[in-house]
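Subject: Structure handover: pockets

Hello,

Here is the structure I promised to pass on. Please open it alongside this note. My findings on its pockets follow.

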Amino acid sequence: MKAVVINSYGPPDVFAVSETRTPQPGPGEILVRVAAAAVNPVDLAVRRGDIPSPVLPAVVGWDVSGTVVAAGPGSTRFAEGDRIIALRSPLADGAGVSAEYVALAEALAVPAPENVALEHAAALPLAALTAEQALNQLGPDFSGRLLVSGAAGAVGGFAVQLAALRGWRPAGLALAGDARTVAALGAAEVFSDTDTPPAGAYDVVVDASGRPETIAAVRDGGRFLSLTPFAVPEAERSITVDVCGVRIDAPMLDVLARRVEAGHLTLRISEVLPFEDAPRAHALLEAGGTRGKILPAPGN
C-alpha cells in the first residue's frame, strides 16, 4: 500500500509517497480502508522537527475517515463495510493515518456521520475535539463574554459553533473578508484587523490562531486559553493563561458526529488532495488563510 512519509525534517518537499506493508489488525483492532486523512498544525510541527517523531521514516496524520474491511481477534463493535472516523496520535510510534489502510484500536473509532461524504468526515475529529475540550474548561454555567480568535479557521470555527450551541453569544476575530462566514457559524459579533475588539472587554479569549496579542481583549483577572502552544503570551493583569491540547476521547467524538448528523455542526472543507500533493497541502496550511480542512486522500 502507499503511505505519506517523511524521511527527514524540513520544508514540505521532504514528503514522499512510499510503498509500505499493509498492516494486519491485532486483538481489539480494525483494519480501515482510508477515505481521507487531514492536515493539522501538529503535522507541520512534526514535519519541521519542532515535535520530533520517535522514528523515521514516519507516517503523518491524526484524523482518519474510512471503511472497515476486517476486524482483529476480539473486535466486535464494527463489521465489514461500516463507515468510521477516528483520531489516533502518531507521536509515540510514528504510525500516522495518511495511508491507504490503517489498523487501529476499535475503541478509537465511532460511526461516521451519515449525512456527509466519507472523505469530508475526516475534517471533524481533531479540530472539533480541541474546540469542545477548550470550551469545557469554562464549565457548563459559563455566562461571561467570550472571544474566539481565528474564528474562520478549523478549530476556531468549531469553537464558535459549539459555543453558540451552548446558548452563549461568542464574538469572533477573523479577517475582514470572513465576517459573513463567522457570523453564519453563530458569532454574535465579528471583529477583524481593521476593527479590533475592545481592550479588556472579554472574560475569556480562546486563541485558535496563534495571536498572543489578543490577550489585550481579556479583562483584568480573566482567562486566555491558547490552542497554539508555540504562541503563548506572558500572563498579565492577573489573567490566567492556559494551553489546551487535544485529548483523544471517542465518546465525545461520537457526540460531535451525531451533532453533524443532526445538522447542528457544519464541516468546512478547503480541498481534498491526493496523497501525492502532500507537499502542497502542507504549504497551503503553513501559508495561512485556509478556510476549512485540507484533506489528503489516497484516491483510487
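A definition before the pockets: a pocket is an open set of grid points with protein on both sides within 12 Å along at least five of seven lines, and its lining residues have an atom within 4 Å of a point. Keep in mind that this is a predicted model.

Second largest pocket

This pocket is lined by 19 residues. Nearest its centre lie Met1, Thr20, Val59, Ala95 and Gly96. The space in the second largest pocket comes to about 240 Å³. Three strands each supply at least two lining residues: β1 (2-6), β4 (58-59) and β7 (101-105). The largest share comes from β7, with 3 residues. By class, the lining holds 12 nonpolar, 5 polar and 2 charged residues.

Largest pocket

The largest pocket holds about 1200 Å³ of space. Its lining has 46 residues. Closest to the centre are Pro41, Ala208, Ser209, Gly210 and Thr228. Which elements give two or more residues to this lining? They are the helices α1 (41-48), α2 (125-136), α3 (154-165) and α6 (278-287), along with the strand β16 (293-297). Of these, α1 gives the most, with 5 residues. The lining divides into 26 nonpolar, 14 polar and 6 charged residues.

To start looking, go to Pro41 and Thr228, both among the residues closest to the centre of the largest pocket.

Best wishes

How values were computed:
Residues numbered from 1 in each chain as written. Predicted model: local features only at pLDDT ≥ 70, side-chain atom pairs only at ≥ 80, totals over all residues. Heavy atoms only, no water. 1 Å grid on protein atoms, 1.4 Å probe; cavity = no way out; pocket = protein on both sides within 12 Å on 5 of 7 lines; lining within 4 Å. Points joined across faces, edges and corners; volume = space filled by probe spheres on them. Helix = DSSP H or I, 4+ residues; strand = E, 2+ residues; numbered from the N terminus. Nonpolar A, V, L, I, M, F, W, Y, C, P; charged D, E, K, R; others polar.
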